[in-house]
Amino acid sequence: MSIRTFSRAALFVGAVSVATTAANAGPLERRVVRDVTLPAGTVLPLTLDSYVASDTSRIESRVRAHLRRAVIVDGIEVLPAGTPVSGFVTQARRSARVKGRARVAFRFTSMAVDDERYRGETSSVVRQAPATKKRDAATIGIPAGAGALIGGLTKGGKGATVGSAVGSAAGTGVVLATRGKEVRLGHGAPVAVRLLRPVRMTI
């Protein structure tokens, strides 16, 4: 057999082999692409991945979270569980010594799906520390009572009045020197927000 004849035979066998492999592989799978819209008002159940606190966070500090469960629209899973979202702190106010409860607020502005980032404005998460008026009243009242008791023992009725006034002043001083409770949300804290506007996505 000549070299030319051998080469043609080899090419023929190779072509048959490639055709057989392609036939066995079947048609190539095509990814179905859909354009979907997350309507305004869609609830996003989230788990925080960032630490947020009224006494340590700063306005515009980055806040990250992820979806606790998938978001489904018309039977289609649009956002799978674990989808990362990001936003920022919009308010951070630590507690005051006299008036003003601690408060922290943040919202989300984007989400990532299949390496594509989509903008999506959400409602804000707002947390405020509980009031401390009852505790403050008790703090002032205890020294006042003790002062009245001591004044009454030493100088009678007039002494009780003076002692009560002195005790109240001492109690007020304690309140002025003590800040109220702070608001802190750690990693893993559950929160929920709503989309303020529709978000168009390709999935």
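Which residues line the largest cavity?

Modeller: This is a predicted model, in which local features need pLDDT of at least 70 and side-chain atom pairs count only at pLDDT 80 or more, while totals for chains, interfaces and linings use all residues. Residues are numbered from 1 along each chain as its sequence is written, and side-chain values use heavy atoms, with hydrogens and water left out.

The largest cavity is lined by L44, L46, V85, F108, S110, M111, G120, T122 and V193. Here a cavity is a set of points, on a 1 Å grid over the protein atoms alone, where a 1.4 Å probe fits but cannot get out; lining residues have an atom within 4 Å of a point. Grid points are joined across faces, edges and corners, and a volume is the space filled by probe spheres set on the points. The count comes to one cavity of 30 Å³ or more, and the largest holds about 30 Å³ of space.

Strands are DSSP runs (E, at least two residues), numbered from the N terminus. Both β2 (43–48) and β8 (103–113) supply at least two lining residues, and β8 gives the most, with three.

The ring centres of F106 and F108 lie 5.9 Å apart with their planes at 85°, so the pair is edge-to-face (centres within 6.5 Å, planes over 60 degrees apart). Both F106 and F108 are buried, that is, under 20% relative accessible area with a 1.4 Å probe and protein chains only.

Methods: Phe/Tyr/Trp six-rings, centres within 6.5 Å; stacked < 30°, edge-to-face > 60°. Buried < 20%, exposed > 50% of the residue type's maximum accessible area, 1.4 Å probe, protein only. 1 Å grid on protein atoms, 1.4 Å probe; cavity = no way out; pocket = protein on both sides within 12 Å on 5 of 7 lines; lining within 4 Å. Helix = DSSP H or I, 4+ residues; strand = E, 2+ residues; numbered from the N terminus.
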